[in-house]
Amino acid sequence: FAPFLNVMNEWYLRDQSRKVTTAYQLKGKQGLPTNNNCIYGYRKDPEDKNHWLVDEEAAEVVKSIYHWFVNEGYSKMGIAKRLNQMGEPNPEAYKKKKGFKYNNPNSDKNDGLWSASTIARILQNEVYTGVMVQGRNRVISYKVHKQINVPEEEWFVVPNTHEAIIDR
């Protein structure tokens, strides 16, 4: 009898996993956020959890990063050093300082300083142009929680879902 119950439980879990995956895919195709955290430079709209508003203070830092990189020729490391010298907290430290709900399992290792890789992620992220990009990675299965990268042609890319911080 127990092996039969195990098979039934397995079927139930697989079915639930498919339903959750389908729900996330539907939200992604509609351009709605599929996670609880906004990207640095944005905050959740208090009246609509699926809409992002520009966080003016952080958006100014994002604009500066793009300006320094594009117009003044700073390197990513040069931008990180400049922000650190200015005492500007990195995205995670900023979210903590502002009291945003933010969970990161590695947050105890965060020193609050900017790095070249953080600058690179900001410079490469199309979200700052008002385009919602989601589905870049997924877990292998409901049993194996390892994340894998998804080919770019399978991403959910929806333009004009929120106000742009920088122009294309």
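**Getting to know this fold**

Me: What makes up this protein, in helices and strands?
Reply: This is a predicted model, and the protein in it has 5 helices and 6 strands. Starting at the N terminus, the order is α-β-β-α-α-α-α-β-β-β-β.

Me: Why are P91, E92, Y94 and K95 called buried?
Reply: The word buried goes to residues with under 20% relative accessible area. Those four, in helix 4 (residues 91-98), are buried, so each of them falls under that cut-off. Across the protein, 30% of the 168 residues count as buried.

Me: How do you know that the buried residues of helix 4 line one face?
Reply: Look down the helix axis: the buried residues fall within an arc of 160°, so they sit along one face of helix 4.

Me: What do the buried residues of helix 4 pack against?
Reply: Their partners are helix 2 (56-70) and helix 5 (116-124). Just after helix 4 comes G99, with a positive phi of about 80°.

Me: What share of the contacts with a separation of 6 or more is between residues 24 or more positions apart?
Reply: That share is 58%. A contact here needs heavy atoms within 4.5 Å.

How values were computed. Residues are numbered from 1 along each chain as its sequence is written. This is a predicted model: local features need pLDDT of at least 70, side-chain atom pairs count only at pLDDT 80 or more; totals for chains, interfaces and linings use all residues. Side-chain values use heavy atoms; hydrogens and water are left out. Helices (H or I, at least four residues) and strands (E, at least two) are DSSP runs, numbered from the N terminus. Buried means under 20% relative accessible area, exposed over 50%, partly exposed in between (1.4 Å probe, protein chains only). The arc is that of the directions from the helix axis to the C-beta atoms.
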